[in-house]
Amino acid sequence: MADKKEKVRLSADLSADVAVALQQLALDQGITLTEALSRAISTESYLHQKRSAGGKVLLDEDGKLKELVFMPGSRKDGRG
């Protein structure tokens, strides 16, 4: 795994709706697309670790707690 300070150049093909969502995240937060993507990946990684350890993700919506349920992705190797 790369050192946190080491930069790795990646290329990704995103659907139009995902690209728009990423642009909106960057705009709303006043950050670059690269930083928005980095934060999104870091957030997903953190949530994945916590869910894998049995944790739950809760959302307080209008004073009511709701559990966010994440559907497993489809992987070609059959692991999720």
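View 1. F70 is partly exposed, because its relative accessible area of 34% falls between the limits for buried (under 20%) and exposed (over 50%), worked out with a 1.4 Å probe and protein chains only. This is a predicted model, so local features need pLDDT of at least 70 and side-chain atom pairs count only at pLDDT 80 or more, while totals for chains, interfaces and linings use all residues. Residues are numbered from 1 along each chain as its sequence is written, and side-chain values use heavy atoms, with hydrogens and water left out. You'll find F70 in the segment after β2 (64–68). Together with L59 and L68, F70 makes a nonpolar surface patch of about 220 Å². To join a patch, a residue needs over 30% relative accessible area and no salt bridge; nonpolar side chains (Val, Leu, Ile, Met, Phe, Trp, Tyr) are joined within 5 Å, and like charges within 9 Å. The areas come from the Shrake-Rupley method with a 1.4 Å probe, and for residues only the protein chains shown count as cover.

View 2. What sits over the ring of F70? It's the charged end of R51, 4.1 Å from the ring's centre. For that label, NZ of Lys or CZ of Arg has to be within 6 Å of the ring centre and within 35 degrees of the ring normal. R51 also meets E44 in a salt bridge, at 3.7 Å from N to O. A salt bridge here is a side-chain nitrogen of Lys or Arg within 4 Å of a carboxyl oxygen of Asp or Glu. Both partners are partly exposed: R51 has a relative accessible area of 26%, and E44 comes in at 39%.

**View 3. Helix α2 and a pair along it.** Helix α2 covers residues 33–52, and its 20 residues should span 28 Å at 1.5 Å a residue; the end C-alpha atoms are 28 Å apart, which agrees. The expected span is 1.5 Å times one less than the number of residues. Helices are DSSP runs of H or I with at least four residues, strands are runs of E with at least two, and both are numbered from the N terminus. E35 is partly exposed at 32% relative accessibility, and so is R39, at 38%. Just after α2, look for G54, which takes a positive phi of about 95°.

**View 4. The loop between the strands.** D62 is in the loop between β1 (57–61) and β2. D62 isn't a glycine, yet it has a positive phi of about 55°. Is D62 buried or exposed? It counts as exposed, at 77% relative accessibility. Also in this view, E61 and K66 form a salt bridge, their closest N and O atoms being 2.7 Å apart. E61 has a relative accessible area of 35% and K66 has 40%, so each one is partly exposed.

**View 5. Stepping back to the whole protein.** There are two helices and two strands, running α-α-β-β from the N terminus on. Of the 80 residues, 6% are buried. The structure holds three salt bridges.
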